[in-house]
Number of protein chains: 2
Amino acid sequence: MGIDLKPIGVFDSGVGGLTVVKALRELLPHEDILYFGDTARVPYGTKSTQTIINFAREDTEFLISKDVKLIVVGCNTVSSTALEILLDNYSLPIIGVLEPGAKAAALHTRKNKVGVIGTTATIKTNSYPQKIRNFNSEVMIFSQACPLFVPLVEEGWENTEIAILTARQYLAPLLAQKIDTLVLGCTHYPLLKETIKRVAGNEVELIDSAEQTARQVKQLLVDLQLISPRQNRGSHKFYLSDIPPNFVGMAERFLGEPISHIQREGNFPG
Amino acid sequence: MGIDLKPIGVFDSGVGGLTVVKALRELLPHEDILYFGDTARVPYGTKSTQTIINFAREDTEFLISKDVKLIVVGCNTVSSTALEILLDNYSLPIIGVLEPGAKAAALHTRKNKVGVIGTTATIKTNSYPQKIRNFNSEVMIFSQACPLFVPLVEEGWENTEIAILTARQYLAPLLAQKIDTLVLGCTHYPLLKETIKRVAGNEVELIDSAEQTARQVKQLLVDLQLISPRQNRGSHKFYLSDIPPNFVGMAERFLGEPISHIQREGNFPG
């Protein structure tokens with residue numbers, strides 16, 4: 001078949017990348033999508049650099065073996081640690097979640113004051129500030145690790161009083177700095193968007209990395225003339241290295257639609 | 001020097017085991033304590049069984065190289081995954097945190113209804129229910145994973161409204177079962193004891209694994225005639241495989257006293 005009819009591949013260490021799939025399906029509804037979640041080895045953020053690189057290569061090669069036309073790294077850890085190496089080693093187009101969000105923030109801010117929230121691992125790498133300054137060297141960046149947000153989302157507790165109080169606590173120092181732009185630097189955070197919006201107020205523009213990444217994917221497919229010419233809605237298929245008991249329900253919340261076709265991909269060491 | 005004058009060794013994947021050190025220092029104030037926290041490779045709970053066993057052996061051998069008289073595995077993951085292997089491979093006395101708490105719960109419950117809370121990894125292994133039933137086969141056990149509790153404690157948010165609301169959410173199904181005994185099955189949880197007590201009420205006895213482990217250590221030292229004969233307060237010394245920027249403050253909250261003598265132990269792979 002023509003390359004344009006091949007699926008888009010997305011991988012992540014777990015379920016977070018499904019918010020990228022959701023954004024892709026909204027923006028590119030005719031594309032087929034293959035997802036690989038390395039749920040047996042999640043989280044990546046606490047692992048050594050070399051291990052993250054090895055895992056990222058295995059994930060990429062798995063998606064290449066499924067004949068995808070483009071790969072989205074739906075994982076902040078891999079995007080900040082291994083993207084360059086993937087780009088050097090594989091010939092198909094590969095897009096990470098870091099740069100699209102960083103670029104959007106750099107271009108959006110009027111007061112040159114940007115907040116970045118993410119996991120402890122992501123904030124530690126300092127990747128967002130570096131990327132944002134590549135696009136706009138004048139920006140002041142205020143970072144905040146939010147270690148409770150991922151478990152909050154995974155429990156399904158977004159939009160609860162606990163979520164609001166937690167967001168207030170984390171955002172207070174950023175709001176005190178009068179940021180006008182806030183990067184949701186973790187693929188779990190789109191589920192907390194309403195809560196964060198409520199706490200941050202209308203003055204602060206939220207930059208959703210998943211959405212920005214989907215836009216960049218669309219632009220790249222247009223540029224490379226790889227947009228699917230189909231008129232019907234694309235399919236999605238999910239491969240996981242482990243299927244935890246509560247996976248389907250959680251995944252459907254991330255994806256915003258029912259999931260069929262989950263398959264265990266057992267070639268990865270536990 | 002006599003074996004009785006040697007230090008007690010305690011290890012954990014991170015800071016959690018410091019609550020065991022705290023309990024040991026309350027119950028055995030004349031003992032010297034050496035702590036090893038494998039902070040470079042924390043958490044263990046998400047790693048494969050073989051990796052956990054390898055790490056546990058390295059941690060044990062490090063403490064043995066420091067000439068300790070007894071080792072406490074201050075980590076639920078290692079206690080449930082690797083304790084038997086450690087006992088088979090090393091000749092000094094080794095005590096885990098799992099069995100003391102399980103035993104205390106089995107002996108304490110009057111209504112034979114015990115709740116167990118822990119990390120997702122600990123609850124998944126089903127180790128507490130198995131151990132509790134070894135001591136009392138009649139007990140009904142209700143388990144609840146509490147993934148927000150560890151980040152709550154690490155943020156220093158115990159005794160906040162967020163902590164209380166979170167505890168209410170997690171404990172509701174256990175309280176609905178009319179448990180009379182609740183095992184704090186994670187070495188982070190002693191810091192949440194007040195919050196949990198407030199939510200669970202006076203009818204529910206909290207079993208603090210760290211405290212129970214310290215009691216068992218004392219009993220064993222008495223039995224083996226290894227109690228330190230010193231009259232002055234014992235020293236403590238901390239080795240870590242990585243020293244995160246916020247470590248000292250967090251560690252002092254876990255330990256309940258100031259920390260000096262932190263040393264980076266660099267022989268472990270990142």
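This is a predicted model: local features need pLDDT of at least 70, side-chain atom pairs count only at pLDDT 80 or more; totals for chains, interfaces and linings use all residues.
User: What rotation superposes chain A on chain B?

Analyst: A rotation of 180° does, with 0.0 Å of shift along its axis and an RMSD of 0.0 Å. That is the relation of a two-fold axis. Of the residues of chain A, Ile162(A) comes closest to the rotation axis, its C-alpha being at 2.8 Å. The copies meet through the same surface, because 100% of the interface residues of chain A are also interface residues in chain B.

User: Which domains make up chain A?

Analyst: Chain A is divided into domain 1 (3-96 + 212-264) and domain 2 (99-209). Their C-alpha centres lie 22 Å apart. Domain 1 of chain A puts 20 residues into the contact between them, and domain 2 of chain A puts in 21 residues. On the domain 1 side, α11(A) gives the most, with four residues. By class, that side has four nonpolar, 13 polar and three charged residues.

User: How many residues of helix α5 of chain A are buried?

Analyst: A residue counts as buried if 20 or more other C-beta atoms lie within 10 Å of its own. In α5 (residues 98-108) of chain A, eight of the 11 residues are buried, so by that cut-off the helix is mostly covered. Among them are Leu98(A), Glu99(A) and Pro100(A).

Definitions and conventions. Residues are numbered from 1 along each chain as its sequence is written. Chains are lettered from A and ligands numbered from 1 in the order in which they are written. A residue is buried if 20 or more other C-beta atoms lie within 10 Å of its own, exposed if 12 or fewer, and partly exposed in between; C-beta atoms are placed from the backbone. Helices (H or I, at least four residues) and strands (E, at least two) are DSSP runs, numbered from the N terminus. Copies are superposed by least squares on the C-alpha atoms of residues with pLDDT of at least 70 in both. Two residues are in contact if their C-beta atoms, placed from the backbone, lie within 7 Å. Domain bounds come from an automatic or database domain assignment. Ala, Val, Leu, Ile, Met, Phe, Trp, Tyr, Cys and Pro count as nonpolar, Asp, Glu, Lys and Arg as charged, and the others, Gly among them, as polar.
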